[in-house]
Amino acid sequence: MRKPEILLLSDMIQPAALAELDRHFTVHDGRDPAALKAVLDGQGATIAGLAISGRNTVDRALLDRLPALRIVACFSAGIDKVDTAALAERGIALTNTSAVLAEEVADLAMALLVMARRRLLAADAHVRSGDWARVGDFPFGHSIQGCRMGLLGFGHIGSAIARRAAAAGLSLRYCTRSPRPGLDLPFHPTPLALAQDSDILMVATTGGAANRNLVDEATLRALGPRGTLINISRGEVVEEAALLAALEDGGLGSAGLDVFRNEPRIDPRFAALPNVVLAPHIASATVETRAAMGAHVVQSLRRALLPG
């Protein structure tokens, strides 16, 4: 039986999952622009599946070159570069790995929170430099106990963070486009209202043009000089210039960031700030979770394209 043909655009899928794709499908590698053009020109009409990551754009122009496409499988939670309306019009399925990576991302979110409020990076430097013996005890940080955490977004990742935060003694409230049925937590209709009622703002919403600068200057400063921002969603969701200014002038106490506007060439002002913890977009980047994400992509394509 002839194998279904798929187009690979993601450069993030791990070798084991790539081997599985090769076993079940005829894989056309479009990760290089020249290779993509060649595939679209030669096999575009027969491609049934698309394997992407959140870095890849799937727009109407691409879909027009793939008339036989039946599924887009995304190796990521973020699908903000995918034209979901165009997929729906064509009856093309879309899957992502948000449920697979949620627990891992939630772990990092909580780690960033504790590190930011307890100033653990500065504390580490205090020990390594010899200042502990030379200068004395490290200055106090701020507790998370009893703090009010505002969750901006309450999908798979937000829910996983909420479970950890509740177990750690934080008081939760949330903001989504509309109240979640059955969710017995205080609801706020805007990010500003959420920040005004929070000590910690946890950004776990989707990215994309609709959410650009959703967390603006007023929202950041509403958290106050002892407040903390954690962002594990997308860099464009936070007004970055306003964030830098608030961290520099003390209008915001601290931040933990896994995502930025211009990754990986982030604003150099971040490196000079003692009150921010920086991570290179690694929330889901463990061996185990990336393997599970790859397996999910393979499974999604198999279910959609293979009989039985």
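**Exercise 1. Is Ser 254 buried or exposed, and what does its side chain contact?**

Step 1. Ser 254 has a relative accessible area of 7%, so it is buried (buried is under 20% relative accessible area, exposed over 50%, partly exposed in between, with a 1.4 Å probe and protein chains only). This is a predicted model, in which local features need pLDDT of at least 70, side-chain atom pairs count only at pLDDT 80 or more, and totals for chains, interfaces and linings use all residues. Residues are numbered from 1 along each chain as its sequence is written, and side-chain values use heavy atoms, with hydrogens and water left out.

Step 2. Ser 254 belongs to strand β10 (helices, H or I of at least four residues, and strands, E of at least two, are DSSP runs numbered from the N terminus).

Step 3. A polar contact of 2.8 Å joins the side chains of Ser 254 and Thr 228 (a pair of N or O atoms within 3.5 Å; within protein, one must be able to donate a hydrogen and the other to accept it, and residues adjacent in sequence count only if both atoms are side-chain atoms).

Step 4. Beyond its neighbours within four places in sequence, Ser 254 is in contact with residues including Ala 116, Arg 117, Leu 229 and Asn 275 (contact means heavy atoms within 4.5 Å).

**Exercise 2. Describe the largest nonpolar core.**

Step 1. This core has 49 residues (a nonpolar core is a set of buried Ala, Val, Leu, Ile, Met, Phe, Trp, Tyr and Cys residues joined through side-chain atoms within 4.5 Å). Met 149, Leu 151, Ile 161, Ile 232 and Leu 301 have the most contacts inside it.

Step 2. Helix α5 (residues 98–118) gives the most to this core, 10 residues.

Step 3. Apart from this core lies another, of 24 residues, with Val 237, Val 238, Ala 246 and Leu 247 among them.

Step 4. In soluble globular proteins, nonpolar side chains tend to be buried together.

**Exercise 3. Which backbone angles stand out at Arg 119, Asn 213 and Pro 264?**

Step 1. Most residues other than glycine have a negative phi, and most peptide bonds are trans.

Step 2. Arg 119, in the loop between α5 and α6 (120–128), has a positive phi near 55°. At 30% relative accessibility, Arg 119 is partly exposed.

Step 3. Asn 213 has a positive phi of about 60° and lies in the loop between β8 (200–203) and α10 (217–223). Its relative accessibility is 32%, so Asn 213 is partly exposed.

Step 4. The peptide bond from Glu 263 to Pro 264 is cis, with omega near -5°. Pro 264 is in the loop between β10 (254–257) and β11 (276–278).
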